[in-house]
Amino acid sequence: MPIQFISIPVMLILSVLQMTAISRITLLSGSADIILIAIAAWGIREKGSGVYVWALIGGLLISFASAVPFPAPLVPYLFTAFLARGIQSRLWQPPILSMIAVVAVGTIFQHLFSILILQFKGLEIGLMEGLRSVTMPSLLLNFLFLFPVFSLINDLARWILREEVYD
């Protein structure tokens, strides 16, 4: 069984958790995105290119379940996967520092992309107001969920990949 198949149940569980529980935890108008965090964690953790499958599945699940236009979740998740793979192959051992950087850049990109898509669709959303009341609180909440999600994905990777990890 290819290792990418594990992404389907994991992303399904995380997307249901995201839509039912995590989205209810808000700070101002922002909320955490555990799908983005899981994609970043798997991209930093896995040596292959399976993270793109994670990003595709997570993006499609969130696209079908949310009210935002189709490419709004998919493109930032793929960008986060690309960023995580790039950082994983170039940086040294402490993966938690890479996680913090990838989640920060991925969250900011996700929100900027969503604001631009919504402005293109005709909604009047101020860039600075969106960054202040949605992006920054979302970034703080993502940092709050970063460590538990990273631990979960790291344990899953140890179990699935069956290799020795030195974290």
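User: How many salt bridges does the count come to by the rule used?

Analyst: This is a predicted model, so read every value as computed from it. The count comes to 2 salt bridges. One joins Arg-132 to Glu-129. Another joins Arg-158 to Asp-155.

User: Why is the pair Arg-132 and Glu-129 called a salt bridge?

Analyst: The rule asks for a side-chain nitrogen of Lys or Arg within 4 Å of a carboxyl oxygen of Asp or Glu. Here the N to O distance is 3.4 Å. The pair therefore meets the cut-off of 4 Å. Side chains of opposite charge can pair when their charged atoms come close.

User: What separates Arg-132 and Glu-129 in helix α6?

Analyst: Helix α6 covers residues 127-161, and the two are 3 residues apart in it, so about one helical turn separates them. An α-helix has 3.6 residues a turn, so residues three or four places apart point the same way.

User: Why is Ala-32 called buried?

Analyst: Buried means under 20% relative accessible area. Ala-32 has 2%, so the label holds. Ala-32 sits in the loop between β2 (30-31) and α2 (34-45). Not counting residues up to four places away in sequence, Ala-32 touches Gln-18, Ile-22, Ile-25, Leu-141, Asn-142 and Phe-145.

User: What makes α2 largely enclosed by the rest of the structure?

Analyst: 12 of the 12 residues of α2 are buried, so the helix is largely enclosed. Among them are Ile-34, Trp-42 and Arg-45. The buried residues of α2 pack against α1, α3, α4, α5 and α6.

User: How do you know that the length of α2 is close to the expected one?

Analyst: α2 has 12 residues. At 1.5 Å a residue, the expected span is 16 Å, and the helix reaches 16 Å from its first C-alpha to its last.

User: What span should helix α5 have, and how far apart are its end C-alpha atoms?

Analyst: Helix α5 (residues 95-120) has 26 residues and should span 38 Å; its end C-alpha atoms are 37 Å apart, which agrees. Just after α5, Gly-122 takes a positive phi of about 110 degrees. Phe-113 is found in α5. Leaving aside residues up to four places away in sequence, Phe-113 touches Pro-71, Ala-72, Val-75 and Pro-76.

User: Which residues of the largest nonpolar core touch the most other members?

Analyst: Ile-39, Trp-54 and Met-99 do, in a core of 36 residues. α1 (7-20), α2, α3 (51-65), α4 (71-90), α5 and α6 each supply at least two residues. α2 gives the most, with 10 residues. Beyond its neighbours within four places in sequence, Ile-39 is in contact with residues including Met-11, Val-51, Trp-54 and Tyr-77. In soluble globular proteins, nonpolar side chains tend to be buried together.

User: Why does Arg-85 count as buried?

Analyst: The value is 15% and the cut-off is under 20%, so Arg-85 counts as buried. Arg-85 lies in helix α4. Leaving aside neighbours within four places in sequence, Arg-85 is in contact with Gly-43, Glu-46, Lys-47, Gly-48, Val-51 and Tyr-52.

User: Which residues make the nonpolar surface patch, and what makes Met-19 partly exposed?

Analyst: Leu-12, Val-16 and Met-19 make the patch, which covers about 230 Å². Met-19 is in helix α1. Its relative accessible area is 32%. Patch residues need over 30%, so Met-19 passes. A value of 32% also lies between 20% and 50%, so Met-19 is partly exposed.

Conventions: Residues are numbered from 1 along each chain as its sequence is written. This is a predicted model: local features need pLDDT of at least 70, side-chain atom pairs count only at pLDDT 80 or more; totals for chains, interfaces and linings use all residues. Side-chain values use heavy atoms; hydrogens and water are left out. Helices (H or I, at least four residues) and strands (E, at least two) are DSSP runs, numbered from the N terminus. Buried means under 20% relative accessible area, exposed over 50%, partly exposed in between (1.4 Å probe, protein chains only). Contact means heavy atoms within 4.5 Å. The expected span of a helix is 1.5 Å times one less than its number of residues. A nonpolar core is a set of buried Ala, Val, Leu, Ile, Met, Phe, Trp, Tyr and Cys residues joined through side-chain atoms within 4.5 Å. Patches are made of residues with over 30% relative accessible area and no salt bridge: like charges are joined within 9 Å, nonpolar side chains (Val, Leu, Ile, Met, Phe, Trp, Tyr) within 5 Å. Accessible areas come from the Shrake-Rupley method with a 1.4 Å probe; for residues, only the protein chains shown count as cover.
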